[in-house]
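Could you read the following points alongside the model? They are set out as a colleague's note, one topic to a paragraph.

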Amino acid sequence: MTATTPTTTTPATTTAPSDPARLRAAADFVREQHTATLLPQLLPGLDGVETRALVDHCRFAHAALLVFPPDLPALHAQLAACGLTLDPATPPAPSVVVRDRLAARHRLDAAALDVRILRPPVPGPCGRNRMVEVFVLTVGADAAAGGLAALAARERAEEHEAHVAFEVERPDPLVLHGVRAILAHRGARPDGGGYNPHEDGTVFYFTAPSEAKTWYRRIELYVPGDHRDVLAGHLRGDDQAAQPAAPTSPAETLLRQLTGAWTTQALATFAHLGIPDAMSTETPVAAGPLARRTGTDPESLTRLLRYLAMLGIVTETPDGHRLTPAGALLRSDTPGSLRPLALLYGGPFYESFAALGHTVRTGRTAFDHHFGAHHFDHFARRPDLADLFDRSMAASSRMFAPLAAHPVIAAAAGAASPATVVDIAGGNGELLAHLLPAHPRLHGVLLERPHVIEAARRTLAAARCADRCVFLAGDFGDVPPDGDVYVLSRVLHDWDDDRCREILRHCARAMPPEADLLIVERLLPTDGSPSLAVSWDLHMMCNVGGRERTAAHYAELLADAGLTLQSHSPLPLDAHVLHARGAGASVGDIARGS
């Protein structure tokens, strides 16, 4: 076991939150975060290549805190109150690393501190379990005599052990060196670590840079296995990865950003030529055979693959190249494939973005200027593009996965009589295809343009729930009455505020007084933090004439339509679901649906 170096502390001067409040905050944080969006908050300045490299090799695993219950039964009661449960058959494991850090900070005998680890699971936004890592030092009735009460108060106030953790998947020395080098390059400083023989895992702690945009100030890399050789240099701070790299020059930063169009076209070309379909994540393939399979030039293909390797789309091996998990999303047969998005963003939307200057000068959409028609009308006249657009919308359907568990949907599914979900402008039916199979008593109504209805029928039929869905051809003025839950998914961001008010008024007129409205959109951040919503806002401005909005902006639009925003919660891919009800809904109704 390698111990950490002491950390200087100062006496606590404020009252710290209680352990139950701290546990609840940690659990909420773990439920909401995504690896790709959390990393830039912790490490401001990450560029796209660095973010892809980290996301390819790390996943957000847990948030951690140190608590001081009087005994373990009291802690289990606190966890249960926060919705956190544990398998009673799994005993808490000893925490050697935190025990030694505590002993060093407070100049105590480590053998006298019995620090344990509990890891209650928390469902993440993508359906993958994460954890709240709870370090436990019990303080009984004799705590004051032993000095543990003062220690507990100080640790609660200063939160030395609070951190967010990323597990390094498939670690090898090169990957571990690269991940740590990126953290150091972006200002994270080594802050101890250790090897836990009870779990055969090595942890590397870092202090986040001062510019970090989350209150967690420490980052853990958890690496399965014994990596004490690498850890020794990390603790000394004398190996290359632990030394902050020279800051990137402004010219280099700008050059990387200016080549973004090359990245879009490289990905679109890779997808369009069907190259990912001729590759796998398991078996490398050499450029020669791959070129023959795909009808491409071997030398040009090799150079494209080299660029895509830099982006983390493929991995180069001595035997050729294989797809990374990100690259596999460009295969046509991958569930949730992003290939349609690559073709759309590298095709018509790429062309129209070249006229962004027209939009900035005039306030009118570049797509209309370039193609001579609004993108909905243009795509309607081109069945191939209409199909591509609908498939691209379906490609982002992973954001729908948590909706089946939303309290509004769960309440409707549990109602005494079968409830109906009305999906307004529901595209090819992907959202209802998530909800109806999860709740066999729910019924659906899908309102869409006539040329999309058949695709929706096929989607719901494939999900074996078309018999519980009514397909209604129409526009926003045709929102049907008598639904229980109405859904607007990625609709409002297509339109300006006046059109949004009109759409919401159509919904309000159709909704019974006790009905709920769920709105799925990306929300603009109010604190300047990185978000896909900022990029999509520029896309909406250039290509559609709509915009992304803050939660407060949506609340104003809803109020103008006679609706009240009740809450909003995060979804995958930087999306949110907003819950609204009629302004006159009763307190009991709101409580049922919130």
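The numbered points below take up selected helices, a sheet, a core and some individual residues.

1. Basis of the note. The model is a predicted one, in which local features need pLDDT of at least 70 and side-chain atom pairs count only at pLDDT 80 or more, while totals for chains, interfaces and linings use all residues. Residues are numbered from 1 along each chain as its sequence is written, and side-chain values use heavy atoms, with hydrogens and water left out.

2. Length of helix H13. Helices (H or I, at least four residues) and strands (E, at least two) are DSSP runs numbered from the N terminus. Helix H13 covers residues 298-311, and its 14 residues should span 20 Å at 1.5 Å a residue, which agrees with the 20 Å between its end C-alpha atoms; the expected span is 1.5 Å times one less than the number of residues.

3. Buried here means under 20% relative accessible area, exposed means over 50%, and partly exposed lies in between (1.4 Å probe, protein chains only). The buried residues of H13 are Leu 301, Leu 304, Leu 305, Leu 308 and Leu 311. They cover an arc of only 105° around the axis, which puts them on the same side of H13, the arc being that of the directions from the helix axis to the C-beta atoms. As background, an α-helix has 3.6 residues a turn, so residues three or four places apart point the same way. Glu 299, Arg 303 and Arg 306 are exposed on the face of H13 turned away from its buried side.

4. Just after H13, Gly 312 takes a positive phi of about 85°.

5. The loop between H11 and H12. Ala 278 is placed in this loop, and it counts as buried because its relative accessibility is 15%. Leaving aside neighbours within four places in sequence, Ala 278 is in contact with Val 285, Leu 290, Arg 293, Thr 294 and Arg 331.

6. The seven-stranded sheet. Seven strands form an open sheet with mixed pairing, in the order E14-E13-E12-E15-E16-E18-E17; two strands pair if DSSP finds at least two bridges between them. At the edges are strand E14 (469-473) and strand E17 (563-571), each of which pairs on one side only. The twist averages 20° from one strand to the next. E17 and strand E18 (residues 575-582) run antiparallel and are joined by eight bridges, with Pro 570 standing opposite His 576 in E18.

7. A helix across the sheet. Helix H24 (residues 497-510) lies across strand E12 (420-424), strand E15 (485-489), strand E16 (516-522) and E17, and runs at about 165° to E15. Axes are lines fitted to C-alpha atoms, for helices over the stretch in contact, and angles run from 0 to 180 degrees between N-to-C directions.

8. Helix H23 and what follows. The buried residues of H23 are Val 452, Ile 453, Ala 455, Ala 456, Thr 459 and Leu 460, and they pack against helix H20 (383-395), helix H22 (430-438), strand E13 (443-448) and E14. Ala 461, also found in helix H23 (residues 450-462), is partly exposed, with a relative accessible area of 45%.

9. Two arginines with positive phi. Which loop holds Arg 464? Arg 464 lies between H23 and E14, and its phi is near 60°, a positive value in a residue other than glycine. Arg 490, in the loop between E15 and H24, has a phi near 55°, likewise positive. Arg 464 is exposed, at 77% relative accessible area, whereas Arg 490 is buried, at 12%.

10. The largest nonpolar core. A nonpolar core is a set of buried Ala, Val, Leu, Ile, Met, Phe, Trp, Tyr and Cys residues joined through side-chain atoms within 4.5 Å. The largest has 44 residues, of which Val 132, Val 134, Phe 166 and Leu 183 touch the most other members. Not counting residues up to four places away in sequence, the contacts of Val 132 include Ala 26, Val 30, Leu 65, Leu 84 and Arg 119.

11. His 227. This residue is found in the loop between strand E9 (218-224) and helix H9 (228-236). At 15% relative accessibility, His 227 counts as buried, and, residues up to four places away in sequence not being counted, His 227 touches Pro 171, Leu 176, Thr 202 and Phe 204.

Methods: Contact = heavy atoms within 4.5 Å.
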